[in-house]
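Work through the exercises below with the sequence and the model open. Each task is followed by a solution in steps.

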Amino acid sequence: MSQLETPLFDVLLKHRNRHPVQFHIPGHKKGQGMDPAFREFVGDNVLSIDLINIAPLDDLHSPKGAIKEAQRLAAEAFGADHTFFSVQGTSGAIMAMILTVVGPGDKILVPRNVHKSTMSAIVLAGAIPIFIHPEVDEEYGIAHGISAESVEKALKTYPDAKAMLVINPTYFGFAADLKRIVDIVHAHNIPVIVDEAHGVHIKFHDEMPISAMEAGADMAATSVHKLGGSMTGSSVLNVREGLVSVNRAQSVLSMLTTTSTSYPLLASLDTARRQLAVHGYDLIDNAIRLAKDARKRINKIPHLKVAGREKLHSSATYDMDPTKILISVKDLGITGHEAEEWLRHNANIEVELSDLYNILCLVTLGDTKKDINLLVNALQRMSQAFESEAFVKETNVNIPDIPALAMSPRDAFYASTEIIPFEESAGYICAEFIMVYPPGIPIFIPGEIITEDNIEYIKMNIDAGLPVQGPEDRSLKTVRVIKERKPIF
């Protein structure tokens, strides 16, 4: 089969065109039993392929036909030995990776700025996370990747580690020297798994950072829906044979996946793969040109600044995705959140992310010159609107020491807990996640000992206006900790 073909999508269309009488789920029966307003809005085409795993359509949990062929073509396109479709998003694929390579008591090296799905999987696995601090950008107040040097040091300190997780690229588009990291880790004969949620497109253009499979990584959770043109919630798990068991990876992913798999999502993966493989270079090339034009024009707007290749100076910031437009608005005298709100209400523009200092805009396969003009013009108007408030503002990003891990995150998650005043919590074992954004690095995870220094660090950031994320009590007047076992007299 060639990359021009879409075996799963074709089977769905063929089945739809037979007009079979359906005595199976879903109960809306090609839209006939659905709310009329919703049916009219989404259209009968998508509802006609919203089907279930009957024999002609194959089964994601045990593919033997069209899904197997579609996954084989995806593996060929991504440079993997095997590719598995995920309808549980990249979070499901990340969790499958971790549960494939570690179990109870196993140590896994992870960047401190991991996605919450990574920590969820570590809790489920009963594994022990060994954190590596990412490089922090003092100018933009964000976390980058981890350095090859820090990976080497971590492996010497923890030679019994069972796996290494790397983020490539980061949310903000920066990539570490992944090939060097993979070579270092493989020298210790342990697998490298990659959170590639923001890098589906990088394999298909030579101006992009190296992809996980190109770098020789063993597994990569790659989000097709974010930047590759498939429907929201659809991703792939790419696997290389050798240091990981392909069969175990497939079994774990199946354990985490609903048996009511969405065929519209699966079909969108099949067709997105075709588009990337056949037209990806040209589409991404256009996105790069648009992004370069936007970066150049925005950098000329007073008080605004866009991160570019000048930030590449280490093995943690080795390369970057030029289609990520990270715009610092701090010198305009406003926060990123205020900029997001202004653009929403005054220009009908929605951005990907905002924090205390920045907004993030993504230029993708779907953007046009008109879209870029609208963004640039809106930013020019925003700059003029806040001109009187503009001043050169320093970022304030300090990274506290990583607390000692007193018990595994899994044990902490299942332990008896209590709620106590946050200011009195030093010495207790934290039972929830607490992070300050930016740069989004956890200050505490379940199982870590709360320290007075980190209490002061969090209070300092709250006073500076940085939002605290994770705890049940968002005001952080209280915190959930492991319940103390007091002696009985």
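**Exercise 1.** Does threonine 118 count as buried or exposed, and why?

*Solution.* The model is predicted: local features need pLDDT of at least 70, side-chain atom pairs count only at pLDDT 80 or more, and totals for chains, interfaces and linings use all residues. Residues are numbered from 1 along each chain as its sequence is written, and side-chain values use heavy atoms, with hydrogens and water left out.

Step 1. Read the accessibility: threonine 118 counts as buried because its relative accessibility is 0% (buried means under 20% relative accessible area, exposed over 50%, partly exposed in between, with a 1.4 Å probe and protein chains only).

Step 2. List the contacts (heavy atoms within 4.5 Å). Apart from neighbours within four places in sequence, threonine 118 touches Ile94, Ile98, Val110 and Leu165.

**Exercise 2.** Describe the surroundings of glycine 233.

*Solution.* Step 1. Glycine 233 sits in the loop that runs between α9 (224–227) and β10 (235–239).

Step 1. Its relative accessible area is 17%, so glycine 233 is buried.

Step 2. With neighbours within four places in sequence set aside, the contacts of glycine 233 are Ser86, Val87, Gln88, Gly89, His225 and Leu265.

Step 3. Arginine 180 lies 53 residues from glycine 233 along the chain, and 31 Å separate their C-alpha atoms.

**Exercise 3.** Characterise the interface of domain 1 and domain 2.

Step 1. Count the residues: 33 of domain 1 are in contact with 36 of domain 2.

Step 2. Take the area. About 3000 Å² is buried between domain 1 and domain 2, and carbon and sulfur atoms give 58% of it (buried area is the accessible area, with a 1.4 Å probe, that two parts lose on being put together, summed over both). In domain 1, Tyr140, Tyr171 and Phe174 lose the most area to domain 2, together 24% of what that side buries.

Step 3. Look for charge pairs. The rule finds 4 salt bridges across the interface of domain 1 and domain 2 (a side-chain nitrogen of Lys or Arg within 4 Å of a carboxyl oxygen of Asp or Glu).

Methods
Helix = DSSP H or I, 4+ residues; strand = E, 2+ residues; numbered from the N terminus.
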